[in-house]
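Subject: Structure for you to look at

Hello,

I am passing this structure on to you. Please have a look, then read my notes below.

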Amino acid sequence: MKAVVLRQPRQLDWADVPEPRLTTELDVLIQVEACGICGSDLRYWEGDNPWALHTLGRHVPNPPNIILGHEYAGVVVKVNSPKYEHLLGRRVGVQAFRTCGKCDFCRSGSQNLCRDTIHMGHAQGWGQMDYYPGAYAEYCLGWADLLFPIPEHVPLDEAAMADVVCVAVHVAGRPASLGADVLCIGGGPVGLSIAQVAKAKGARRVFVSEPSPVGQEVLRRFDYITVIDPGADALGEALARSGVRAVSSIFDTIGSGQIIAEAAGLLAERGTYVNVAVHDTPVAFNAALLGSERTLTSSSNATYGDVREAYDLICTGRVNVRPMITHRLALSEYARGFDLLLGSPKQAFKVVLCPQSAGTGERSN
Ligand SMILES: [Zn+2]
Ligand SMILES: [Zn+2]
């Protein structure tokens, strides 16, 4: 089958690779209809290992020959047990990771922190393998007990966004309570999903700072979001113009040292700052900013419950992912997809690769 392989940092190849083999009873083969390019894919491309930084708290070098792609949906075309034959031909979304089920984290429902996770499209859990499986490919693995049937009215490219939304569900659940006003730093697909989930869970005002014109345009389609241009303004000044001095929750999808220090100063008493993009970098800030029971924390991946909730939010329309998808490209156009997202400012919001389409060009919403 055709697949896009990350040979080593900054080298993606269009290659013929063996179709993934079904080895356990739970394995199913999914014909990939849509796979989003995630921000973490861009970090793998650069040589980072975002999974390890978030879950293990340290960098782990990546193996060669990763097939990236974990935001996918498609049709079940092969199963490995008569028990699951009823799944054949079904349109499904997936849960792209599977945890050990035995450790203290798994047993307490915090599967997002399990060290023994197997993660499609990530450099995680596969041991020795010629190609780590992912969904930048015609076919990808799934697990029969971790599939989500997608109703006909939901397009599969939108179902593929559940992987973004489940991360947002987890992030929005990190503060003890969301409080009234919420600030998302970075209004990419994750930032926008967090904003939507926070609103669905009762946040009053939602501020989102985003420098790219393409991002600002997508964000402005949501009437409850106040868009901040960090190029034009310091965050604090922009909030002050809306009459806000401090916010109760901050969700930071950028995570640079400078932004952490700036954000900590905007947190209300008992407020929570959540770092959603952990980098291996020292940070200096005034410890007085931790006074009045402020919390600085992070958010890692998602739990099984978060994934279920994400599919529910998308399929019931309470989270609207349609405006996010600005580009749909054939899989063979992956390089253009990466270029659009790596440009400064970025030229696309969410790029979805469509392995079954021979050359869609692109369609913008
Ligand atoms: Zn992702
Ligand atoms: Zn575990």
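Is Glu-293 buried or exposed? Glu-293 is exposed, because its relative accessible area is 56% and the cut-off for exposed is over 50%. Please keep in mind that this is a predicted model.

**The loop between β14 and β15**

Glu-293 sits in the loop between β14 and β15. Its backbone stands out. Most residues other than glycine have a negative phi. Glu-293 has a positive phi, near 60°. Ser-292 also has a positive phi, about 55°, and is not a glycine. Ser-292 belongs to the loop between β14 and β15 as well. At 44% relative accessibility, Ser-292 is classed as partly exposed.

Phe-285 is another residue of this loop, which runs between β14 (267–275) and β15 (295–298). Its relative accessibility is 32%, so Phe-285 counts as partly exposed. Phe-285 also belongs to a nonpolar surface patch, together with Val-283, Leu-290 and Leu-296. The four residues have about 270 Å² of accessible area together.

**A cis peptide bond**

Most peptide bonds are trans. The one joining Ser-344 and Pro-345 is cis, with omega at about 0°. Pro-345 lies in the loop between α11 (334–342) and β17 (350–354).

**Ser-248**

Ser-248 is in strand β13, residues 247–252. Ser-248 is buried, because its relative accessible area is 18% and buried means under 20%.

**Helices α5 and α10**

Two packed helices are described by the angle between their axes and the distance between the axes. Here are both values for one pair. Helix α5 covers residues 162–172, and helix α10 covers residues 304–315. Their axes come within 8 Å. They cross at roughly 115°. The crossing of α5 past α10 is right-handed.

Which residues meet between α5 and α10? From α5 they are Ala-162, Val-165, Cys-166, Val-169 and His-170. From α10 they are Asp-306, Val-307, Glu-309, Ala-310, Tyr-311, Leu-313 and Ile-314.

Best wishes

Methods
Residues numbered from 1 in each chain as written. Chains lettered and ligands numbered in written order. Predicted model: local features only at pLDDT ≥ 70, side-chain atom pairs only at ≥ 80, totals over all residues. Heavy atoms only, no water. Patch = residues over 30% accessible without salt bridge, like charges linked within 9 Å, V, L, I, M, F, W, Y side chains within 5 Å. Areas by Shrake-Rupley, 256 points an atom, 1.4 Å probe, with all protein chains shown as cover. Salt bridge = Lys/Arg side-chain N within 4 Å of Asp/Glu carboxyl O. Helix = DSSP H or I, 4+ residues; strand = E, 2+ residues; numbered from the N terminus. Buried < 20%, exposed > 50% of the residue type's maximum accessible area, 1.4 Å probe, protein only. Axes fitted to C-alpha atoms, helices over the stretch in contact; angles between N-to-C directions. Left-handed = near helix turned anticlockwise from the far one by under 90°. Contact = heavy atoms within 4.5 Å.
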